[in-house]
Amino acid sequence: MNHYLYKQFYRNKAYLIALVFLLAAGLMAIYTGKKFLDRNEDIIAKSGNFQKESIARNVKFHKDDLGLILYYVKFNLVNETPKLAALNIGMHDLNPSIQGVTIRNLEEQRYNSDFYNPANAAVGNFDFSFVLIFLFPLVIIAFCYNLISEEEEKGTWKLLSVQSGHLGRFLNAKIIIRGIAVSVIYLLLIVIATLSIRIPLDKFYILFILSGWLYILFWFVLCRWIILFRKSSAQNALILLIVWVAVNFIIPMGCNLLIQKSYPVQESLKAVMEQREGYHNKWDEPKKPTMEKFYKVYPQYRKFTVEENDTFTWTWYYAMQHMGDAEASQSALLYREKMDKRNRAAVFLGYFLPNIHTQLTESRLAQTGMDNHLQYSAALQKFHEGKRLFFYPLIFSGQNAESVNWTTQTVDHFTKPEKLNMLQLFLPYLIIIVLLLLFSQNKYRKLC
């Protein structure tokens, strides 16, 4: 019987075309991810050369004025992107993997990418995770929606019930055959991605593969439950498509609106405006209050005094810049806290929706999710602080360019692998798969 079912499946041209379509979509997604990774690596390599050239050019023309050199020179911090990011580009299509900052105010520089091209927010990358989450379920639905109803509509179901001693095994065999076919395409794409992108087979990649396969298994179990209600083919297809649309679009969009309303994020713009106002207002204010605030934060620089009648000094200028950041610090902190709350709300939603859980899990494993973005943002702040504290004494004491060993000012790298919680990763899949099997068990026994 199983041999006959195999032949029946693979002789169906529509099924083979669907598998070829899935394979082609996966190959295009892998190619997109590879091009993204290549472009990202090229930008990082060029940024290192650009930083060297920028330092050399500014030192050449402003060698006697260190404050002016550091007004222009940007120092780059790279957010290390693992090769696994090629399969899940995540937030890296909106947030850069490298950011350059001067030692001037940070808040305005930090959010420059938010205003660079707002149209990017409407565009996403066709990556492997997109194919897995949105296209694989459609093919699974097309394979499974009529496994029982087709036989009933043809009038062969009663004949099968007489010839087969166990209709449940017959149904499971048909589902397993389709599951094997889809799994083969999935694993084939994984092998191609591994070889073409040279993704290391570490624990992150293995968990990435397992999470994707469990997501595929969820859709087969869901289809099995729906078709056991013994509805017509049209009804089964409609129900499954409604579920697909609901879990992928309607529910996430509705929850996203609720999350946005619960945690409205306006602080990035507010931080930039507060920083600009705080900085520009200092030009019209007495210098002493600004310096006193600066000395309170950094008492080690109190020896570098600024007189009220001084027209311009770099000590006052950089102190003024930092005070602009200080006045925007509360809004910046609120922004990061609300983004973290939004992320935690999305993670909680993922416990009930396997598609969201898969997307968030794979973005965490690929280090392209919100967690990584917030960690990189915090690292950028520490990086900027370190650069300021290194150069401030040299600038304030009137040193020139020769006082700095510029060869040590290279591109820095941020990397922080995600801490993995296996229970948090796999439990949502296992719970919903087991529940669907339990829900369908009574109808399955009646089928037998």
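Start by selecting Thr-81 and Ser-97: their side chains make a polar contact, at 3.3 Å. Keep in mind that you're looking at a predicted model.

Stay with Thr-81 for a moment. Is Thr-81 buried or exposed? Thr-81 has a relative accessible area of 15%, and the cut-off for buried is under 20%, so Thr-81 counts as buried. Now show what Thr-81 touches: leaving out residues up to four places away in sequence, you'll find Leu-37, Asn-40, His-92 and Ser-97.

Select E1, E2 and E3, and you have an open sheet of three strands, in the order E2-E1-E3, with mixed pairing. Colour E2 (98-101) and E3 (412-414): these two stand at the edges with a single partner strand each, so one side of each has no neighbour in the sheet. From one strand to the next, the twist averages 25 degrees.

Now pick E1 (residues 75-79) together with E3. These two run parallel, joined by three bridges.

Last stop: the helices. Select H2 (residues 13-61), which packs on the sheet and touches E1 and E2. The direction of H2 makes about 165 degrees with that of E1.

Conventions: Residues are numbered from 1 along each chain as its sequence is written. This is a predicted model: local features need pLDDT of at least 70, side-chain atom pairs count only at pLDDT 80 or more; totals for chains, interfaces and linings use all residues. Side-chain values use heavy atoms; hydrogens and water are left out. Two strands pair if DSSP finds at least two bridges between them. Helices (H or I, at least four residues) and strands (E, at least two) are DSSP runs, numbered from the N terminus. Axes are lines fitted to C-alpha atoms, for helices over the stretch in contact, and angles run from 0 to 180 degrees between N-to-C directions. Contact means heavy atoms within 4.5 Å. Buried means under 20% relative accessible area, exposed over 50%, partly exposed in between (1.4 Å probe, protein chains only). A polar contact is a pair of N or O atoms within 3.5 Å; within protein, one must be able to donate a hydrogen and the other to accept it, and residues adjacent in sequence count only if both atoms are side-chain atoms.
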